[in-house]
Amino acid sequence: MTFLSFEASQSRLPFRRLFALGVRYFLLAELLAVVLALLSRFIFSLFGIELEQQEAVSLLSNSDTSLFDTCFLVFASVFLSPVCEEFVFRICLLDFILKKTKKVALSVFAVSLIFAICHWNLAAFAPLFGVSVAFSLALVNTKAWIIPIFSHSLYNLTAVAVALSSRFI
């Protein structure tokens, strides 16, 4: 039994409720990401610091990227990455830190900080921190691991769609 005890709660929520909660936390993640991205870009611009996109975003935006590579990046971004990252950061790490500290805010902060650092991109640091806060709150509040995975998939799908659309603009 884990501190979050999310295993037992999976079957208690109907699909429509899981879907609605997933969309709600996705929208929270988008809001936090946009606000923190604008704020961090403004602060970096004050200091004349140029920021680079994440490598995956650059590859998806580049029309020279092969169809195979593009398809793989889309699959990895929308399906593989959310499952793997949510398992590592929310299901394992967040649960571990919650067990040790018994403090939700501190645990969410620590996991979000680690999540953002692990993506190793200064431009994405603040938005990813906010996204991680939303996904962590999704798990803590619902105790249903599928919700942060679904929210994460929606978030990445949106980012992929924006990156791919830049090929045609």
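Where does asparagine 121 lie?

Guide: Asparagine 121 is in the loop between α4 and α5. Helices here are DSSP runs of H or I with at least four residues, strands are runs of E with at least two, and both are numbered from the N terminus. The model is predicted, so local features need pLDDT of at least 70 and side-chain atom pairs count only at pLDDT 80 or more, while totals for chains, interfaces and linings use all residues. Residues are numbered from 1 along each chain as its sequence is written, and side-chain values use heavy atoms, with hydrogens and water left out.

Asparagine 121 counts as buried because its relative accessibility is 14%; buried means under 20% relative accessible area, exposed over 50%, and partly exposed in between, with a 1.4 Å probe and protein chains only. Apart from neighbours within four places in sequence, asparagine 121 is in contact with Glu52, Gln53 and Gln54, where contact means heavy atoms within 4.5 Å. A polar atom of the side chain of asparagine 121 lies 3.4 Å from the backbone oxygen of glutamine 53.

The largest nonpolar core has 15 residues, and Leu94, Val108, Val111, Leu128 and Val140 have the most contacts inside it. Such a core is a set of buried Ala, Val, Leu, Ile, Met, Phe, Trp, Tyr and Cys residues joined through side-chain atoms within 4.5 Å. At least two residues of this core come from each of α3 (67-101), α4 (104-118) and α5 (122-142). The most come from α5, with 6 residues. Valine 111 touches Phe89, Arg90, Leu93, Leu94, Ile97, Ser132 and Ser136, not counting residues up to four places away in sequence. A second, separate core of 8 residues includes Ala29, Ala134, Phe135 and Leu154.

The whole structure holds 6 aromatic pairs, meaning rings of Phe, Tyr and Trp (its six-membered ring) with centres within 6.5 Å; planes under 30 degrees apart count as stacked, over 60 as edge-to-face and the rest as tilted. The pair of phenylalanine 75 and phenylalanine 79 is tilted, because the planes are at 40°, with the ring centres 5.5 Å apart. These two residues both lie in helix α3, 4 residues apart, about one turn of the helix. The rings of phenylalanine 135 and tyrosine 155 have centres 6.4 Å apart and planes at 80°, so that pair is edge-to-face. It links distant parts of the chain, with phenylalanine 135 in helix α5 and tyrosine 155 in helix α6, 20 residues apart. Phenylalanine 135 and tyrosine 155 are both buried.

Helix α6 has other buried residues, including Ile147, Leu154 and Val160. The cover over its buried residues includes α1 (15-46), α2 (55-61), α3, α4 and α5.

Key
A polar contact is a pair of N or O atoms within 3.5 Å; within protein, one must be able to donate a hydrogen and the other to accept it, and residues adjacent in sequence count only if both atoms are side-chain atoms.
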